[in-house]
Amino acid sequence: MQKIIITGGPRLIGEVEVSGAKNAALPILAATLLAPGPCRIDNVPDLMDVKTLCKLLEFMGMKTRRDGRAITMDAATILNKEAPYELVKTMRASVLVLCPLVARFGEAKVSLPGGCAIGARPINLHLMGLEKMGAKVQIEHGYVYVTADRLKGARIYFDIKTVTGTENLMMAGALAEGTTVLENAACEPEVVDLADFLNKMGANIKGAGTDTITIEGVSELTPSDYSVMPDRIEAATFIAAAAITRGDVLIKNCIPAHLDAVISKLQEVGVDINKEADGLRVKVMNKLKSVDVKTMPYPGFPTDMQAQMMALMCTTQGLSVITETIFENRFTHVMELQRMGADIRIEGNSAMVTGIGRLSGAPVMATDLRASASLILAGLAAKDETEISRIYHLDRGYERIEDKLSRLGAKIKRVS
Ligand code: EPU
């Protein structure tokens with residue numbers, strides 16, 4: 001089993017390039033199921049989650065070929081409309097194949113994902129939307145079976161904002177008969193990236209990025225090429241890495257507008273963040289302050305940055321209250337940060353973090369993707385050595401993070 005070993009201390013200095021967004025690449029790759037023929041998708045990060053999705057799509061009959069940053073997907077022949085448990089249980093985003101299969105072929109058999117380290121994460125809203133569009137949904141033996149002659153446009157209201165739920169039903173609406181309106185839809189930039197790709201394939205989607213999305217169904221979509229947006233959570237993680245080491249880093253290939261909530265929170269902390277021609281310059285000139293943080297759907301502060309922000313708050317002075325409102329169990333990093341000396345108390349869905357200035361290196365265990373990133377940040381700033389195990393979580397969502405951090409001067413290595 002591989003581990004990451006970090007000797008904390010060095011300030012990060014230099015430039016870092018952000019990769020393509022995992023959470024945009026996954027729905028876009030799934031969406032290539034909707035059109036019969038080759039789509040060349042560029043700027044796809046080389047991550048375990050992308051490999052898992054390609055494996056699932058290949059199992060269905062998709063032909064995939066990676067060529068550098070791009071993957072060509074060809075869904076001309078899809079024989080198998082099934083997503084088996086073995087693949088879905090390793091990656092919940094596999095559920096993104098559900099609506100493309102039903103929309104194009106009128107049937108799908110997809111394993112229910114089951115529980116997850118960060119929360120229950122049901123898919124009831126995805127299924128509610130499909131039923132509203134006239135599909136027959138049955139759950140049996142751990143699988144959801146969905147059939148429909150042709151989906152019919154419908155007005156669908158989400159009780160809770162759901163990112164992949166919005167994406168799935170947007171793909172369903174693209175090939176449905178008539179108009180679909182998604183209300184209280186997720187506004188994340190990844191939803192907009194998927195809508196842009198679908199529109200490039202000939203779909204008629206308006207309003208993506210707002211909470212009402214209107215989709216005029218078309219009878220077929222045409223294969224198209226596309227380039228995935230940069231990863232805003234990776235960019236934000238590098239901002240936090242520069243901040244926690246009190247460094248000076250230029251973050252290239254990011255879209256600052258996607259990072260508004262993170263930038264303004266970190267400016268409140270006292271981090272200097274400025275737009276330059278080729279990226280975001282992050283510098284620490286002053287003493288950092290503690291701030292309160294509450295995770296919210298976009299454009300609020302992202303839950304995918306909560307753990308990293310907590311690591312940063314451990315290194316300031318004063319009390320910070322971090323409230324998680326999206327997932328019910330996203331504090332597993334707290335116990336690991338406590339092993340590094342952090343002073344954190346959990347009360348309900350809030351963590352009271354009292355900054356202690358400097359953490360101390362320790363052997364810790366990654367429990368999920370973003371928790372792993374928070375332990376890396378903590379290790380970068382801690383005294384002495386931090387050894388992080390179970391780093392397969394990290395490889396699901398960060399492309400060669402140890403290489404990128406090494407180039408910025410971090411003392412970090414991967415060992416077997
Ligand atoms: N929810 C329901 N019913 C549903 C769908 C969602 O109750 O049918 C609840 C969830 O349990 C959760 C809330 O709604 O409490 C929001 O979940 P959402 O559906 O938005 O999450 P997701 O689509 O499964 C995506 C990202 C996550 C990110 C969340 C929130 C992808 C592939 N995943 O998940 O990314 O945390 O949105 O922004 O886009 C990560 O990258 O580390 C990650 C976990």
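Student: Which strand pairs with β3 in the parallel sense, and over how many bridges?
Tutor: Strand β14, residues 226-227, pairs with β3 in the parallel sense over two bridges. This is a predicted model.

Student: Which residue in β14 is the bridge partner of Ile-41?
Tutor: The bridge partner of Ile-41 in β14 is Tyr-226.

Student: And how does β5 run relative to β3, parallel or antiparallel?
Tutor: Antiparallel: four bridges join β3 to β5, residues 70-74. Here Ile-41 has Ile-71 as its bridge partner.

Student: Where do the side chains of β3 point?
Tutor: They alternate along residues 38-42. Cys-39 and Ile-41 point to one face and are buried.

Student: Switching to helices. At what angle do α10 and α12 cross?
Tutor: Roughly 20°, and their axes come within 7 Å. Helix α10 covers residues 306-314, and helix α12 covers residues 369-381.

Student: So are they roughly parallel or roughly antiparallel?
Tutor: Angles under 35 degrees count as roughly parallel, and α10 and α12 are therefore roughly parallel to each other. The crossing of α10 past α12 is right-handed.

Student: Which residues meet there?
Tutor: From α10, Ala-307, Gln-308 and Ala-311. They meet Arg-370, Ala-371, Ala-373, Ser-374, Leu-377 and Ala-378 in α12. By class, this contact has six nonpolar, two polar and one charged residues.

Student: What about α5, which residues are buried?
Tutor: In α5, residues 124-132, the buried ones are Leu-125, His-126, Leu-127, Gly-129 and Leu-130.

Student: Which residues other than glycine have a positive phi?
Tutor: Among them are Asn-184, with a phi of about 55°, and Asp-384, with a phi near 65°. Most residues other than glycine have a negative phi.

Student: Where are those two?
Tutor: Asn-184 is in the loop between β11 (179-183) and α7 (189-200). Asp-384 is in the loop between α12 and β23 (385-389).

Student: Is Asp-384 buried or exposed?
Tutor: Exposed, with a relative accessible area of 57%.

Student: Last one: which residues does a cis peptide bond join?
Tutor: Tyr-298 and Pro-299, with omega about 10°. Pro-299 is in the loop between β18 (293-294) and α10.

Definitions and conventions. Residues numbered from 1 in each chain as written. Predicted model: local features only at pLDDT ≥ 70, side-chain atom pairs only at ≥ 80, totals over all residues. Heavy atoms only, no water. Axes fitted to C-alpha atoms, helices over the stretch in contact; angles between N-to-C directions. Parallel < 35°, antiparallel > 145°, perpendicular 65-115°, else oblique. Left-handed = near helix turned anticlockwise from the far one by under 90°. Contact = heavy atoms within 4.5 Å. Nonpolar A, V, L, I, M, F, W, Y, C, P; charged D, E, K, R; others polar. Buried < 20%, exposed > 50% of the residue type's maximum accessible area, 1.4 Å probe, protein only. Pairing = 2+ DSSP bridges.
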